[in-house]
Amino acid sequence: MLRYLLTEDDVGAVRFGISPLSELALSLRAIQDPARFPLQLGWLRRTETARARLDLRTLDGLIDERMWTPDFLNPRPASPLTRLEDEFVALLATPPEVFRADLVAVHGQVPDVFAGSTSVALRRIVRALRQLWETCFEPYWPRMRAVLEADVVYRGRQIAQAGVAAMLNGLSSRIAYEHGVVSVRLSDPRDRTYAIDGNGLTLVPTMFTRRASAPVGLGPPMIMYSARGQGALWEAERVANPAAVAAVLGETRARLLAALGDPASSTELGVRLGVTASAVNQHLRVLRDAGLLVSTRYGRSVLYLRSELGNALLEARTR
């Protein structure tokens with residue numbers, strides 16, 4: 001059991017972040033044991049050929065049979081807009097003693113593939129992870145990130161409507177909050193208790209944990225939890241002919257719903273469908289209010305994505 005002790009100020013300072021580097025590291029779990037991550041089988045199928053060309057010896061050295069990864073690959077993100085390149089820069093600057101300690105915490109020793117110079121090993125790790133990113137993540141990242149950001153927006157609404165305690169208790173069956181203590185049940189047999197002491201607790205949604213994960217060592221207070229909405233992530237590409245749905249929604253709204261298997265802004269949708277921006281925004285609001293779409297802010301844009309209900313509506317036509 002991992003326990004974080006929060007003061008009243010700590011509770012008010014709970015924040016969310018998204019880490020592309022952590023997603024890369026945790027994805028090694030699905031690559032190593034696909035059966036444990038059925039929601040990501042669509043991604044695994046699409047990237048199977050590309051993954052055969054990766055530096056698997058290096059990547060295998062970053063995960064053990066317990067599905068643990070070293071803490072230097074799971075940095076605490078500063079915000080939901082963390083950039084991968086910034087995380088790579090920080091990774092390359094990992095002190096040798098931290099690098100070795102984090103690997104030993106996972107493997108019991110430094111794997112042979114990382115023996116010798118720490119700087120050389122870190123450059124090799126970044127090359128391998130960059131290749132994984134470019135071939136297996138970059139084509140799908142806008143879509144994956146939209147799901148992660150939508151989760152953050154949802155949790156923020158929970159806090160506004162019901163408070164931090166309700167939000168924390170809704171993250172996972174493995175996470176519980178009561179009387180200032182956040183308890184996380186992990187596969188780690190150790191019993192650990194840490195006081196936040198003003199250091200801030202960061203919650204990180206991810207596609208690659210089934211219940212909850214946390215730093216292996218004495219890392220910053222952070223909990224990684226399974227993002228909601230993953231079930232429709234890959235199936236959303238299977239778009240049926242929306243002709244029958246158009247009789248209920250109207251042709252333009254049916255076309256918008258069919259187009260939103262991938263995240264898109266209202267401006268992009270207007271260009272693709274030949275509809276004015278004001279009309280697109282009106283239709284999107286109606287579809288979102290009906291629960292057929294989800295939306296999230298990304299920088300200066302608002303991205304829309306078909307919800308599980310919207311996906312089910314179109315797939316019903318296929319069946």
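**Exercise 1. The sheet and its helices**

In which sense do strand S6 and strand S8 pair, and over how many bridges?

*Solution.* 

Step 1. The structure under study is a predicted model. In this model, strand S6 covers residues 202-206 and strand S8 covers residues 222-226; the two pair in the parallel sense over five bridges. As an example of a bridge, Thr206 has Ser226 in S8 as its partner.

Step 2. Both strands belong to an open sheet of four strands, whose order is S2-S6-S8-S7. The pairing in this sheet is mixed. Its edge strands are S2 (15-16) and S7 (212-213), each of which pairs on one side only.

Step 3. Helix H2, formed by residues 20-32, packs on the sheet and touches S6, S7 and S8. The direction of H2 makes about 55° with that of S6. Helix H8 (residues 141-162) lies across S2, S6 and S8, and runs at about 135° to S6.

**Exercise 2. The length and covering of helix H2**

Compare the span of H2 with its expected span, and determine how many residues of H2 are buried.

*Solution.* 

Step 1. H2 has 13 residues. From its first C-alpha to its last it reaches 19 Å, close to the 18 Å expected at 1.5 Å a residue.

Step 2. A residue counts as buried when its relative accessible area is under 20%. By this criterion 11 of the 13 residues of H2 are buried, and the helix is mostly covered.

Step 3. The buried residues of H2 include Leu21, Leu24, Leu26 and Leu28. Also among them are Glu23 and Arg29.

**Exercise 3. The buried face of helix H7**

Where on helix H7 do the buried residues lie when the helix is seen down its axis?

*Solution.* 

Step 1. Helix H7 spans residues 118-137, a total of 20 residues. Its reach from first to last C-alpha is 26 Å, close to the 28 Å expected at 1.5 Å a residue.

Step 2. The buried residues of H7 are Thr118, Ala121, Leu122, Ile125, Val126, Ala128, Leu129, Leu132, Trp133, Cys136 and Phe137.

Step 3. Seen down the axis, these buried residues fall within an arc of 165°, so they line one face of H7.

Step 4. The buried residues of H7 pack against H2, H3 (41-51), H4 (56-60), H5 (84-92), H6 (96-107) and H8.

**Exercise 4. Salt bridges within and between elements**

How many salt bridges does a search of the whole structure find?

*Solution.* 

Step 1. The search finds nine salt bridges.

Step 2. Asp191 forms a salt bridge with Arg3, and their closest N and O atoms are 2.7 Å apart. Asp191 lies in the loop between strand S4 (181-184) and strand S5 (192-195), while Arg3 lies in strand S1 (residues 2-5), so this pair ties together parts that are 188 residues apart in sequence. Asp191 is exposed, at 56% relative accessible area, whereas Arg3 is partly exposed, at 26%.

Step 3. Arg130 and Glu85 also meet through their side chains in a salt bridge, at 2.7 Å from N to O. Arg130 belongs to helix H7 and Glu85 to helix H5, so the pair ties together parts that are 45 residues apart in sequence. Arg130 is partly exposed, at 28%, and Glu85 is partly exposed, at 35%.

Step 4. Arg145 and Glu149 form a salt bridge of 3.4 Å from N to O. Both lie in helix H8, four residues apart, which is about one turn of the helix.

**Exercise 5. The surroundings of one residue**

Is Ser183 buried or exposed, and which residues does Ser183 touch?

*Solution.* 

Step 1. Ser183 is located in strand S4.

Step 2. Its relative accessible area is 18%. The cut-off for a buried residue is under 20%, so Ser183 is buried.

Step 3. Leaving aside residues up to four places away in sequence, Ser183 touches Met1, Leu2, Arg3, Arg174, Ile175 and Ala176. One of these, Arg3, is the salt-bridge partner of Asp191.

Note on methods
Residues are numbered from 1 along each chain as its sequence is written. This is a predicted model: local features need pLDDT of at least 70, side-chain atom pairs count only at pLDDT 80 or more; totals for chains, interfaces and linings use all residues. Side-chain values use heavy atoms; hydrogens and water are left out. Two strands pair if DSSP finds at least two bridges between them. Contact means heavy atoms within 4.5 Å. Axes are lines fitted to C-alpha atoms, for helices over the stretch in contact, and angles run from 0 to 180 degrees between N-to-C directions. The expected span of a helix is 1.5 Å times one less than its number of residues. Buried means under 20% relative accessible area, exposed over 50%, partly exposed in between (1.4 Å probe, protein chains only). The arc is that of the directions from the helix axis to the C-beta atoms. A salt bridge is a side-chain nitrogen of Lys or Arg within 4 Å of a carboxyl oxygen of Asp or Glu.
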